[in-house]
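Work through the exercises below with the model in view. Try each task before reading its solution.

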Amino acid sequence: MLNKVNREIPDEFLKDGKEVYQGKFYMDGKYVKKASPKTKVFKKPVDSKLCKSIREACEKCGAKDGITISFHSELRNGDYVMSMVTKVLIEEMGLKDITIAASSLGDAQDLIADYIEQGKIIGIQTSGIRGRIGEVVSAGKLKTPAIIRSHGGRPRAIEAGEVHIDIAFLAAASSDEWGNAKGTGGKNNFGSIGFGIGDARYADHTVIITDTLVDFPNLPAPISTVDVDCVCLIDEIGNPKKIASKEARFTDNPRELMMAENIAKIIAATPYFKDGFSFQTGVGGPSLAVNRFLEDYMVEKNIKMSFALGGISSAICKLLDKGLVKNIIDVQDFDLTAIEHFTNNPKHFEISSSEYANPANKSAYVNKLDFVVLSALEIDTNFNVNVITGSDGILRGAPGGHPDT
């Protein structure tokens with residue numbers, strides 16, 4: 001079947017009511033029946049949801065062959081939790097035919113590539129694939145087609161029931177014994193937990209995995225105890241120093257700096273560059289560098305940014321501290337400075353990925369943006385952008401917020 005941009009989509013991908021792309025705003029006025037957890041177990045009150053091990057939590061939540069499990073990727077290349085959980089499920093419990101519905105997959109989860117090759121993991125639903133997992137999937141070793149959605153498309157699919165999560169395993173920097181959890185307040189803070197909020201609400205079961213247990217109540221809590229079944233205390237959830245990966249870097253490359261300077265010139269020359277404008281930069285050297293050059297134009301014209309959105313880096317945080325940005329709206333943090341800023345600054349707010357960019361919402365924050373600066377792997381002369389595969393066809397990237405913005 002042809003989609004709206006004249007791409008032929010094989011019928012095998014259109015099972016279970018899946019539709020081809022029908023163009024912008026085709027959902028306008030449509031009703032979307034929101035999914036709810038298929039299982040909602042009511043239990044007598046307990047003093048604690050603490051489990052002795054990840055395996056105990058898996059057993060309590062009914063882990064079995066054929067389940068779909070989810071994770072958030074706020075710790076990026078420093079994440080330990082995804083590999084830890086899949087190892088328990090596959091090597092300790094002997095489970096198979098597992099689908100992973102993570103917000104993103106990268107080098108930190110190379111172990112998952114082994115399980116794909118072994119046929120134990122048969123499905124991937126994510127917003128990005130990098131590293132060995134991308135190579136294995138590109139080689140056709142995954143038993144079912146990998147489904148890659150944008151950051152806004154993922155929560156839309158979860159809320160609509162297109163992706164049903166049996167168990168969400170969510171890393172938390174801190175949690176109390178009832179599962180009130182967040183990305184701060186612990187020894188390995190990662191900032192916003194925006195990718196995990198929707199998973200906790202819509203999964204049949206939610207397991208919080210933390211290395212810092214705090215007194216009840218751990219408030220404010222973006223992940224609420226009302227959605228949590230089990231809490232696991234482990235030694236380390238990850239290494240936040242690895243959040244700032246090679247993709248999320250400040251460049252000193254002369255070519256990339258020239259690109260960034262030209263982008264800032266273009267922005268400053270438009271009629272939208274005025275007091276109260278809104279702005280988002282994606283991860284990537286040239287796009288992050290735009291912040292440096294934009295500051296001079298803002299000072300020169302005596303204007304301020306109303307809000308900055310998206311994945312947040314130290315560059316935007318510094319602009320807020322200088323009084324040039326009024327608010328930061330944060331789905332994920334790209335470096336340690338941004339994490340600390342999120343923890344301490346009352347004008348630095350957390351939102352879920354659904355609030356950020358879900359196209360089926362009545363309002364998503366991306367719809368208020370004036371400027372977006374994003375990096376890409378390839379772009380053609382008709383402005384079709386590729387952020388998923390290299391020129392060799394191997395999966396090595398993520399659409400992230402590209403299609404949403």
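The exercises that follow go from the whole chain to single residues.

The model is predicted, so local features need pLDDT of at least 70 and side-chain atom pairs count only at pLDDT 80 or more, while totals for chains, interfaces and linings use all residues. Residues are numbered from 1 along each chain as its sequence is written, and side-chain values use heavy atoms, without hydrogens and water.

**Exercise 1. Overall form**

Task: Compare the radius of gyration of the protein chain with that of a compact globule.

Solution: 
- Step 1. The radius is taken over C-alpha atoms, and the globule rule is 2.2 Å times the number of residues to the power 0.38.
- Step 2. For 405 residues the rule gives a value near 22 Å, and the protein chain has 21 Å, which agrees.
- Step 3. Along the principal axes, the C-alpha atoms of the protein chain fill a box of roughly 60 × 55 × 45 Å.

**Exercise 2. Contents and burial**

Task: State how many helices and strands the protein chain has, and what share of its residues is buried.

Solution: 
- Step 1. Helices (H or I, at least four residues) and strands (E, at least two) are DSSP runs, numbered from the N terminus.
- Step 2. The protein chain has 11 helices and 17 strands.
- Step 3. Buried means under 20% relative accessible area, exposed over 50%, and partly exposed in between, with a 1.4 Å probe and protein chains only.
- Step 4. Of the 405 residues in the protein chain, 51% are buried.

**Exercise 3. Helix 2**

Task: Check the span of helix 2 and list its buried residues.

Solution: 
- Step 1. The expected span is 1.5 Å times one less than the number of residues.
- Step 2. Helix 2 covers residues 81-92, and its 12 residues reach 15 Å from first C-alpha to last, close to the expected 16 Å.
- Step 3. Buried in helix 2 are Val81, Met82, Ser83, Val85, Thr86, Val88, Leu89 and Ile90.
- Step 4. Just after helix 2, Gly94 has a positive phi of about 70°.

**Exercise 4. Backbone details**

Solution:
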